[in-house]
Amino acid sequence: MKEPFLVGGTGWAGILAEELYGFLQSERRREMLVGERYYLGKHDILKRKKTVVGPGGRTEECPHLLNSRVVDNQYARVVDQKVSYLLGKPLTIDTKRKEFLGTLQGLFGPDFHRKLRLVGEDALNCGIGWLHPCYDRHGNLRFRRIAPWEILPFWADDAKSELEGAIRVYQRERGGAGRQTDTMVEHFSPEGIALFLAEDGGVRLERGTRPYYMYQCEGMDLAGVWQRVPLVPFRVGAREVPLVRRVKGLQDGINLMLSDFQDRMGEDAHHTVLVIRNFDGEDLGEFRRNLATFGAVKVRSEGHDGGGVDTLQIEVNAGNFEAVLRLLKRALVENAKGFDIQDLSLTGSPNQMAIQSMYADIDLDAGVMEIEFQAAFQELMGFVCEHLERSGKSGLLPHEVEVLFNRDVLLNESESIENCVRSAGILSKETILYQHPWTKDVEKEMRRLEGEGCSAVFGEAL
């Protein structure tokens with residue numbers, strides 16, 4: 001993103017430009033962009049240059065050397081593991097107010113689940129993700145995902161529990177001949193949203209503060225605002241530490257080891273260093289450069305020995321590379337609190353205890369993330385309840401809605417089914433069905449059993 005902002009101007013526009021300039025130059029935003037870039041596979045190794053020691057001991061680039069740039073994106077693998085573990089299955093929405101259940105399930109359906117996965121990726125890559133409750137052109141409530149590196153929040157307290165306002169900066173393309181890109185700035189406030197255009201080293205007001213939505217009441221179009229700023233933060237943890245901060249060095253090390261190994265195996269001429277005697281002498285800088293570039297060294301010795309060529313064989317020990325690479329990958333998984341499925345492949349048919357042990361780290365990390373997401377959902381439900389109030393369906397409160405995260409964990413199905421059978425007479429049929437690995441909808445299964453007249457048989461079978 002272009003960053004044309006310079007501190008300048010007077011009044012509100014000057015303050016806005018100054019805040020925005022600080023945000024665009026901040027280490028926090030830079031780390032967000034690094035997390036997103038690494039998830040997409042654009043790692044630092046892709047910009048690597050091969051250098052040698054030149055004349056006079058100076059370091060210089062040697063572009064004709066083999067320079068492999070291998071990306072083994074273990075970071076993205078762990079992010080996908082965490083997102084799929086916590087958000088891989090659709091959410092379960094439950095409430096004692098059954099008259100609202102159908103409406104809530106419609107709002108938090110497949111489209112919302114898809115966006116929630118993206119917000120989960122944002123939270124892991126950037127430390128925080130954002131959802132913006134808004135209305136589409138048909139008047140339906142929707143939840144819009146906004147990239148974290150576009151949002152500068154203004155918090156009312158140090159605990160970051162109340163949002164006073166926010167700034168969003170993004171790029172907008174203009175059509176016509178010679179397409180141009182403008183940097184737009186939106187200011188979110190309790191009164192509405194204002195739009196600014198970045199130009200001439202500052203910002204210029206393009207559209208004044210407008211309400212967040214329009215609605216009809218008794219045949220009249222009325223403007224409305226939310227009771228609070230309509231931006232909901234989904235944090236990965238209370239400190240908003242992005243995952244890339246924990247493992248970037250390890251990921252770079254993995255890429256470097258693979259790239260260097262490919263270079264060693266590809267540079268056939270460098271497997272043998274030629275020592276050319278009594279043909280020429282050279283200074284130290286030239287010696288290092290020739291050795292790195294050509295794999296040959298020219299020397300001059302005293303005495304009557306004639307010229308000749310000797311060889312120095314250099315063996316590439318693949319076992320050393322493999323050992324270091326294995327340690328780096330293991331360290332990345334442990335620091336990222338993920339899991340390695342190969343641990344189970346070595347145990348044959350693992351029992352449920354072994355599976356749970358493999359998931360121990362990722363489960364603990366997902367528990368922290370779920371706490372933050374549950375708090376975000378409570379805030380999001382405030383907007384949903386406000387929407388239902390305007391739609392004539394009043395009475396629902398945010399705390400009356402329960403959101404359950406169905407974690408996607410491997411199961412030993414035979415062992416789980418056997419435990420369900422043994423629980424008959426101890427637990428209710430509904431609880432047993434909920435724990436059964438083949439059950440997708442407990443209420444639907446209960447209705448099916450009742451419709452088939454299998455209630456008594458169900459109890460005996462279990």
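## Residue classes

Ala, Val, Leu, Ile, Met, Phe, Trp, Tyr, Cys and Pro count as nonpolar; Asp, Glu, Lys and Arg count as charged; the others, Gly among them, count as polar. By these classes, the lining of the largest pocket holds 24 nonpolar, 14 polar and ten charged residues.

## The whole protein

This model is predicted. It has 15 helices and 17 strands. Of the 462 residues, 41% are buried.

Residues 24 or more positions apart account for 63% of them. The protein exposes about 25800 Å². Carbon and sulfur atoms supply 51% of that area.

## The largest pocket

The largest pocket has a volume of about 1800 Å³. It is lined by 48 residues. Closest to its centre are Thr 92, Asn 406, Tyr 434, Thr 439 and Lys 440.

Several elements each supply at least two lining residues, among them β3 (92-95), α4 (101-107), α5 (110-126) and α14 (442-451). The largest share comes from α13, with five residues. This helix spans 429-435.

## The cavity

The count comes to one cavity of 30 Å³ or more. The largest cavity has a volume of about 60 Å³. Its lining is Lys 82, Tyr 85, Leu 86, Leu 124, Val 236, Ile 362, Asp 365, Ala 366 and Met 369.

The largest share, four residues, comes from α11. By class, the cavity lining has seven nonpolar residues, two charged residues and no polar ones.

Conventions
Residues are numbered from 1 along each chain as its sequence is written. This is a predicted model: local features need pLDDT of at least 70, side-chain atom pairs count only at pLDDT 80 or more; totals for chains, interfaces and linings use all residues. Side-chain values use heavy atoms; hydrogens and water are left out. Buried means under 20% relative accessible area, exposed over 50%, partly exposed in between (1.4 Å probe, protein chains only). Contact means heavy atoms within 4.5 Å. Accessible areas come from the Shrake-Rupley method with a 1.4 Å probe; for residues, only the protein chains shown count as cover. On a 1 Å grid over the protein atoms alone, a cavity is a set of points where a 1.4 Å probe fits but cannot get out, and a pocket is an open set with protein on both sides within 12 Å along at least five of seven lines; lining residues have an atom within 4 Å of a point. Grid points are joined across faces, edges and corners, and a volume is the space filled by probe spheres set on the points.
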